[in-house]
Amino acid sequence: MNGTWLVAQREITMRLRSKAFLISTGILMLAVLASVVIGGLVGGMGSLPKVSVVEGSPVAASVQAVEGLDVRLAPSTDAAEALVRDGTVDAAVLGADGASGTGGSAPSGYTVIALDSAPTAVVQALSVAPTVQLLEPSDQNPLIVYFVALAFGLVFFMSAITFGSTIAQSVVEEKQTRVVEILLSTIPVRALLAGKVLGNSLLAFGQIAAIAVLAGIGLLATGQSTLLASLGPSIIWFVVFFAFGFVLLASLYAATAALVSRQEDIGSVTAPVTMLVMIPYFLVIFFNDNPLVLGIMSYVPFSAPVGMPMRLFLGTAQWWEPLLALVVLVIVTAGVIVLGSRIYSNSLLRTGARVKLRDALRG
Amino acid sequence: MLDVAHVSRSFGGLKALDDVSFTVGAGRMTGFVGGNGAGKTTTMRIILGVLSSDSGQVSLDGRALSSADRALFGYMPEERGLYPKMKVAEQIVYLGRLHGMSPAAAKASTDRLLERLALTERANTTVESLSLGNQQRAQIAAALVHDPEVLVLDEPFSGLDPLAVESVQGVLAEHAARGVPVLFSSHQLDIVERICDDLVVIAGGTIRASGSKATLQSQHGGSRYEIELSVDAGWIRDLEGITVVDFDGGYARFDVTPGAPGVAAAQQVLTEGLRRGSVLRFSPEHPSLAQIFKEVIQ
């Protein structure tokens with residue numbers, strides 16, 4: 001146990017000393033903060049389309065009565081058009097005959113003058129829309145759902161790849177430099193593996209927790225407390241799932257990396273694990289509105305850290321579902337640790353050519 | 001005393017070690033020699049428990065080794081085995097702590113060893129920026145930091161300049177003097193010859209010879225003599241049972257047939273020399289380790 005902790009401590013100190021790590025963490029933090037702030041600004045402004053009307057015309061009164069338009073008054077038709085040309089407004093709304101006059105032959109009674117493309121928002125505001133009734137209304141704005149999915153997917157992907165490759169490099173470094181021989185003659189192989197996984201998991205967990213706190217503070221500071229309230233539980237579950245999910249991935253990274261003896265070979269040997277990390281990322285981006293895919297994702301151990309928080313955010317998961325998914329994740333993680341430590345201990349001393357997975361399992 | 005008894009190990013179909021047995025006595029510097037692929041590294045790894053044996057066992061003072069015992073061993077693998085990006089002192093302290101030392105004890109022992117190995121100035125340098133010789137010294141410090149009860153060193157002298165060989169040799173001798181069994185392998189037979197007390201020769205996975213250096217030398221030598229006389233030594237050529245291999249005025253080197261008749265023939269040369277004048281020197285020539293090695297691995 002003492003050995004495990006010493007190994008974990010070393011992993012953490014060496015990592016925290018690396019400038020590349022500190023800089024990339026800083027960039028990731030800034031990106032999270034920026035996306036929260038920008039999201040707040042864009043969502044908050046939702047600026048209304050601007051239109052100009054001729055002051056005192058009958059159209060002016062009716063347009064001003066329409067909700068969702070920012071109306072500017074112009075002294076004449078030409079002046080209203082000029083406002084369109086110089087970009088002050090999106091469109092000018094005139095009478096049906098194109099003058100400032102009263103209705104006329106045009107069905108809506110309006111003529112909309114715009115610069116180079118039909119101003120959809122303005123047209124929509126002036127149109128008569130049929131009543132729409134949703135049978136299954138979504139709790140969340142689809143755009144926000146997309147961004148939340150992107151955020152969960154990206155943070156999981158980035159952290160898993162970063163710390164997964166860190167642990168892979170550290171395993172191969174020890175194997176390549178043969179320091180592993182000294183380590184193995186000093187502490188049990190399981191203590192060594194456990195220390196590596198623990199150290200990197202703590203780092204990854206720390207980073208994820210910091211991101212979660214930062215996102216929470218950012219949401220509060222930009223006045224998006226409603227979003228925070230609906231996102232909060234998802235973020236907390238994300239952190240919990242990530243903690244276990246990362247241990248799973250870290251064991252896989254350590255085991256596969258132990259098969260090779262050179263840093264150059266890490267990429268190819270860990271590629272299958274990297275795929276396991278990338279797939280949830282793409283799935284959640286493309287299928288965040290597909291309940292079936294999300295439902296499956298939320299139980300598959302590799303994608304549960306992304307899938308389950310997403311479903312919680314969408315409100316499609318029952319209260320017991322995250323607990324069940326967590327149990328599945330923990331069981332699979334335990335199994336992978338056993339298998340991984342077998343591969344790891346059987347491969348560590350075989351330097352040179354890549355060890356075949358079958359040989360590593362057989363010992 | 002470290003006792004390796006009937007250890008065998010195969011890799012796939014290849015028998016790497018076949019019934020390997022030898023002992024490393026307390027306080028004995030034991031040289032472990034053999035060609036490439038003879039089984040030295042495999043044997044050392046099995047002693048350290050890094051590799052398991054198919055059969056046979058390793059014991060210390062009559063007890064089978066546990067992993068707790070092995071944590072008290074000092075091991076230096078053949079290839080450089082340190083973290084390239086860690087500082088020298090930090091790394092040695094880390095290994096000391098892995099061996100179960102307290103932070104303070106590990107620090108004190110590290111400082112002492114670095115001082116002893118003339119590495120103090122490099123204590124805060126990363127290992128990768130050390131010269132090869134200094135890396136090797138750091139490696140030795142790493143093997144010794146926890147004051148091991150048994151030392152197993154694979155090629156501790158490779159890549160060292162003569163001065164470094166001397167300082168490493170000194171450190172190892174200190175440990176041996178405290179009663180620690182020291183097993184070291186080397187390709188540099190002259191160094192082994194100079195510093196070892198005992199010798200183990202391995203070839204093709206089997207032990208070909210083992211025992212004290214003196215015993216092996218007398219077992220494998222004793223048929224060549226040197227004599228130096230105050231008078232011309234030409235008469236030696238005429239004696240029966242003597243083959244002169246080198247001759248220069250009063251000096252002669254000659255072979256006799258191995259065994260008792262040969263010893264008698266040599267004694268006869270000495271007696272005759274004394275009769276003719278004074279004998280300045282007379283000695284059996286010890287075979288060099290290289291000669292013994294060549295002889296036993298055939």
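Two strands are said to pair if DSSP finds at least two bridges between them, and the elements themselves are DSSP runs numbered from the N terminus, with helices being H or I of at least four residues and strands being E of at least two. The model is predicted, so that local features need pLDDT of at least 70 and side-chain atom pairs count only at pLDDT 80 or more, while totals for chains, interfaces and linings use all residues. Residues are numbered from 1 along each chain as its sequence is written, and chains are lettered from A in the order in which they are written.

Chain B comprises 10 helices and 14 strands, and its C-alpha trace spans about 75 × 45 × 30 Å along the principal axes. Of its 298 residues, 44% are buried (20 or more other C-beta atoms within 10 Å of the residue's own, with C-beta atoms placed from the backbone).

In chain B, strand 9 (residues 198-203) runs antiparallel to strand 10 (residues 206-212), joined by 6 bridges, and B:Ala203 has B:Thr206 as its bridge partner in strand 10. These strands of chain B form a hairpin with 2 residues between them, where B:Gly204 in the turn has a positive phi of about 55°.

The contact between the chains (C-beta atoms, placed from the backbone, within 7 Å) takes 14 residues from chain A and 22 residues from chain B. Helix 3 of chain B gives the largest share of the chain B side, 4 residues. The side of chain B that touches chain A divides by residue class as follows.

| Class | Members of the class | Residues of chain B |
|---|---|---|
| Nonpolar | Ala, Val, Leu, Ile, Met, Phe, Trp, Tyr, Cys, Pro | 14 residues |
| Polar | the others, Gly among them | 4 residues |

How values were computed: Two residues are in contact if their C-beta atoms, placed from the backbone, lie within 7 Å. A residue is buried if 20 or more other C-beta atoms lie within 10 Å of its own, exposed if 12 or fewer, and partly exposed in between; C-beta atoms are placed from the backbone.
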